[in-house]
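Notebook open, model loaded. I wanted to look at a few loops, the cores and some helix packing.

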Amino acid sequence: MAKPQDLFFEARFLDSYAGSIISDPATAIVELVANGWDAYATKVQITWPDPKTGRQFAVQDDGKGMSLEEFQFIWRAMSYDRVARSGNTSQPPPDLVGLPRPVFGRNGKGRFASFCFSSEYLVSSWRDGAKFTCLVKRTPTNPLVIDVVEHIKSGAKGHGTEIKGVGEISQIGLDEAAARDIIGGRFLADPQFQVYLNDRLISFSDISRQSLLTTQMHIPGAGNITIHHIDTRKADKTTKQHGIAWWVQRRAVGDFGWRGSDVERVLDGRTSEAKRFTFIVEADFLNDSNAVKADWSGFDENNPTWKLVQPQVQQRIRELIEDTNRSAREGKRSSVFDRVGSSLNALPPLSKDRVASFVNEVVDNCPNFGEQEIIQLTTILTKLEKSQSLYGLLEALHSQTPDDYDALNEILRNWTIGLAKIVLDEIQTRLRLIDELKQKLDIPGVDEVHELQPLFNKGLWMFGAEFESIEFTSNQGMTKVIQTIFGDKNGRGSRNRPDFVVRDDSSIGLYARSSYDEQSNENGIAHLVIVDLKTTDLALGSKEKEQVWKYVKELRNKGYLSATTKVDAFILGDRIEPGEAEPRTEGDCVKIAPMLYDTILRRAEKRLLNLYSKVKDAPFLEDQRDAMESFLGEVEVRQAGLLDEVVR
């Protein structure tokens, strides 16, 4: 019995599992600061790494800290569920008074963020008199290796956590100024939570001018208000650290976010703007108006000053959002027209107006559409305007299911549209042929010349792969056939059977493939195929085989075929006489085979990998059947007796 194998990891497991947390420094630093927020820290100190000077990355907070047991469990647990184990809020440490904080982290992946800055790092944490230090690293087969470096069980003061790089310093491509901008855009909403980078407090002044707008407003009967509008310019995954924060005398009132009437009057928390924008409202006069609750958990909803101020501030914030979006829209609109303007100007006036109107509508009403997406859509519409079918393609796409869209996407990844059309056109032609042949053969005594022979003009592939590329002619006199196939204008065939001679019970088609000499010059016929189509309800036997042999001998006598020319003759009907199913051979080169129409149909379906049975309800086949039924149906007569009266 085989020995059970231990679970193992490929070297790229952690990169795949943690994703941008360990590959993108902007994401990584936000995750590490958020860890301090979730630990109810009031101060986070960051040392930014510098490979040139050898300065290692470090982040330290004065949060609640962890015991060694808690650390080992949290750091080792894959798919750790922070909310299920500790709730969605964080309580302050025993020596600090404050309201519960909504937590930032959910799945514990933020613990891997330090690998973005260093190949190895030390984690130290202290609380309840105990302190530990562990070394965290990874190997090609183990995504997380933890070694205990120090464990002091008593005597440690305070509480907090420090993470410090000790391995190879990563080249991260994010400088200190950019880091201050990113952190400031997300962690300034609560003045009691301070973040220092290289010993300097991050403040509003660290946020770039493109991301920060400060405006003043006066509310008569209340006082002056300052609103700081922070736009991270890139939507985060959630609304955590975004929304409206109220400050009174540099102290946060309640929780910040998109709450209650904010969603109704300002912004839907599900939009991308809700994951980008933070508004910090400073209104010190609300304390003098007794609008703040005693525990600072929120405002007194019945306070007259608060009832006056809140809706006006919400309206002003809504205006700021609209102004920001308007500016962004105009910038996006200009960029799109700069990119597609030349193609647009090449269109006729009406077409140009339609496409330009589309761009304006999308920019104004679809804020989630990025510039590149609008450019791609506009390019598609410009090409549709130039095409003969115009917007027929969109109508066809409209009727498809989501699964069909996935299938189309997969096709276009592997095929060009032109190449796919060539293949699909050929398949459609062959499926149509099978379907029409099936229908016509159900009609007793069908006129084979007018109904069957045209189908076999395009159907030689049904007899086998070797007949795919044969040049053929049909429904012409033998003279024309000889001129086309054999290149002899003076040749004469038997008047008894010129090619495609229409008789009461049959018609014949001849299909030839040329032979060539060593200099690639055509020098005769290498292979001749004779297709003798018999009407339905006529049995095939020796008489029919002998008749075809007479045609071969006459063509040899006239010099059109040599003794070595290969001849395959197929006599098709819907019945074969008993004992006559075997082919007749004449020498090594001539083979005359009777065959049922049903047999050739089955061969055709197999050559198409039985596609007919899978797509027999396709629209192009349904349309063909409707046309056939209309052709065979009787003409409706609404006044049958009127003609009789006239005749009388």
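Started with a loop: D199 lies between β9 (194–197) and β10 (200–201); strands here are DSSP runs of E, at least two residues, and helices runs of H or I, at least four, numbered from the N terminus. Its phi is positive, about 70 degrees, though D199 is not a glycine. D199 is exposed, with a relative accessible area of 71% (exposed is over 50%, buried under 20%, partly exposed in between; 1.4 Å probe, protein chains only).

Housekeeping: this is a predicted model, so I kept to pLDDT of at least 70 for local features and 80 or more for side-chain atom pairs, while totals for chains, interfaces and linings use all residues. Residues are numbered from 1 along each chain as its sequence is written, and side-chain values use heavy atoms, with hydrogens and water left out.

Next loop: R250 sits between β13 (243–248) and β14 (251–252). R250 is another non-glycine with positive phi, near 60 degrees, and it is partly exposed at a relative accessible area of 48%.

Then the cores. Which residues have the most contacts inside the largest nonpolar core? They are I46 and F71, in a set of 58 residues (a nonpolar core being buried Ala, Val, Leu, Ile, Met, Phe, Trp, Tyr and Cys joined through side-chain atoms within 4.5 Å). Helix α2 (residues 25–38) gives the most to this core, eight residues. I checked F71: leaving aside neighbours within four places in sequence, it is in contact (heavy atoms within 4.5 Å) with M66, V123, F132, C134, V136 and I146. There is a second, separate core of 28 residues, including I219, I225, I244 and A274.

Last, α10 (residues 371–386). Its 16 residues should span 22 Å at 1.5 Å a residue, and the end C-alpha atoms are 23 Å apart, which agrees (expected span is 1.5 Å times one less than the number of residues). Buried in α10 are I374, I375, T378, L381, T382, L384 and E385. The buried residues of α10 pack against α8 (304–345), α9 (349–365) and α11 (392–398).
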